Amino acid sequence: MSHSTDLPIIVLKFGGSVLTREHDLANAVHEIYRWNREGFRVVAVVSALGKTTDKLLAQGHHYASTPEPGALASLVATGEATSAALLGLALDRAGIPAEVLDAPRINLRTRGVVLDSEPVSVHADVIRRTLRDRAAVVVPGFVGLDDEGRTTLLGRGGSDFTALFLAQQLNAARCRLVKDVKGLYERDPARPGPLARRFRHVSWDDALKLDGRIIQHKGVRFAKAHEFSFEVAELNGRECTVVGAGPTVFGPVDQPPPPPLRVVLLGLGTVGLGVYRHLIRRPDLFEVVRIAVRNAKRHANEDIPSYLLTSDPELAVRTPADVVIEAIGGVAPAGDLIAAALRNRRHVITANKAVIAERGTELQQLATDSGVKLLYGAAVGGASPIIETLATLTSDPVESIDAVLNGTTNFVISRVEAGIEFEDAVREAQTLGFAEADPSRDLDATDSLDKIRILARLATGRDATIGEKRGVLGGITTQVRSAVAVNHHLRLVASLRNNTVSVAPIVVNASTPLGSLAAEENAAILRTRSGREIIVRGKGAGRWPTSEAVLGDLLQLARDFAYAPARPRESVAAREEVLA
Ligand code: HSE
């Protein structure tokens with residue numbers, strides 16, 4: 001099986017203004033995942049968190065007024081090394097496969113003085129190879145190596161240069177510097193004075209007239225010399241400033257941010273609670289207005305305001321809101337609740353594969369008729385954006401699929417390989433929140449079949465014929481362990497061929513994309529009409545991967561709201577009446 005992919009690359013740079021502290025890493029994860037969902041592989045270049053570089057420089061100068069540059073560079077580079085490693089860990093927790101590639105790994109060579117050098121070469125192939133079956137690589141910005149392999153720095157603001165240099169060397173489709181503002185302004189918009197206009201396009205020369213602390217001039221001169229354009233934007237931004245050949249033109253006047261999206265949550269289990277935790281991190285974007293739970297008393301010890309909880313999901317879907325997130329699972333009553341929410345003109349986001357497999361066509365029609373969105377990116381593959389990648393491939397449609405779509409069975413197989421008994425492994429998967437309420441849906445291939453049916457419908461536009469369905473219900477220990485002995489692994493593979501879907505256990509070589517999956521990971525090999533083979537991988541089950549996917553849908557809605565004309569809302573009185 002070949003590992004080819006030609007998904008375009010985007011280089012994203014996260015500076016100290018958006019990564020002010022560890023708490024902000026989740027925002028960088030969401031941004032990376034956003035671009036994965038839009039069909040890109042991501043190179044994330046990071047600066048040190050917040051004011052770390054200033055602190056490290058001060059620490060170095062504590063020893064001597066002119067510290068030895070090599071030692072100072074090594075000390076300061078720890079800031080980027082730390083933020084890159086932390087972002088790698090945050091991506092892993094969210095189930096997004098990524099690797100941290102530092103300057104020695106990619107052989108990022110520089111010339112010039114140690115503390116203010118310029119990049120000259122990099123092993124771009126290492127990055128490209130790593131991105132074949134990973135969503136992202138993380139590169140510490142600002143840091144390189146000289147001819148002797150000593151650590152060098154690219155000067156203040158040097159992470160911009162790292163990002164621009166990598167984008168040029170990789171021939172990336174896009175390069176975006178992510179800041180805490182919507183783009184580049186004629187002057188600092190935070191300062192008092194007349195309204196600062198934002199550029200829609202700015203020429204390299206005009207960008208060089210701006211303050212070098214906003215955008216590193218060395219980097220801009222490099223972009224100009226190589227005639228490539230790049231973007232400056234905020235997190236989750238749709239608008240941006242394009243820095244390029246020009247001409248320089250101003251964009252529209254900044255609108256005040258829209259009010260937060262009002263969210264109703266149905267269910268507070270593995271997925272619901274994870275989503276809730278994400279939502280309360282971003283009060284600027286989201287306001288939780290109701291949570292429907294089976295038993296409110298069970299949540300008494302959690303830090304959730306009791307007035308938000310109701311045991312009446314029908315009341316919850318009537319609560320004035322912009323979006324309903326269904327995290328109950330199962331076809332009933334979830335399907336009827338989704339239908340009611342759509343009829344009430346709420347956007348609906350669900351992770352529920354069973355209901356989408358069973359009633360997806362009807363619910364989609366209802367959403368269209370009501371003029372709202374039904375989003376279910378989390379229903380297939382957890383944090384692997386299989387649904388979204390499929391949607392980006394419309395001009396070269398997907399004709400066949402082979403995929404591992406059930407995290408529980410893959411996890412159980414990996415534990416049986418490690419010598420654990422089958423039943424104990426299933427119990428572990430339940431404890432870790434991977435398994436369905438009834439784990440036989442995982443093991444007997446029902447869950448995988450639901451998911452491949454959804455993918456087939458999206459790929460072909462119609463419901464597929466259902467073929468073979470075989471799971472891994474016990475008795476697999478010998479098969480699992482003898483496969484490992486010859487460097488193979490048992491996998492529960494869901495396939496689409498000639499408009500027929502099937503699921504069956506198959507033994508595959510360990511070095512293939514499906515063979516190399518670890519524990520609860522999922523992956524899909526999408527084969528297109530033109531013969532491309534695209535691999536989408538990620539953790540397929542568990543609280544954080546699944547909530548990451550739900551957040552991806554929510555942030556998509558938040559972008560729609562931020563850039564769309566205001567929609568009339570119900571009056572506060574009407575809202576209070578229902579909340580009473
Ligand atoms: N039980 C499912 C799995 C959860 O194990 O894959 C994610 O859909």
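Ala85 sits in helix α3 (residues 69-93); helices here are DSSP runs of H or I with at least four residues, strands are E runs of at least two, and both are numbered from the N terminus. The model is predicted, so local features need pLDDT of at least 70 and side-chain atom pairs count only at pLDDT 80 or more, while totals for chains, interfaces and linings use all residues. Residues are numbered from 1 along each chain as its sequence is written, and side-chain values use heavy atoms, with hydrogens and water left out. With a relative accessible area of 36%, Ala85 is partly exposed, a class between buried (under 20%) and exposed (over 50%), for a 1.4 Å probe and protein chains only.

Strand β14 (residues 261-266) runs parallel to β17 and is joined to it by four bridges; pairing requires at least two DSSP bridges between two strands. Leu266 has Glu326 of β17 as its bridge partner. On β18 (residues 347-350), also parallel to β17 and paired over four bridges, His347 stands opposite Val323.

As for nonpolar packing, the largest core holds 66 residues, of which Ile452 and Leu455 touch the most other members. Such a core is a set of buried Ala, Val, Leu, Ile, Met, Phe, Trp, Tyr and Cys residues joined through side-chain atoms within 4.5 Å. Another core, apart from this one, has 57 residues, including Leu279 and Ala549.
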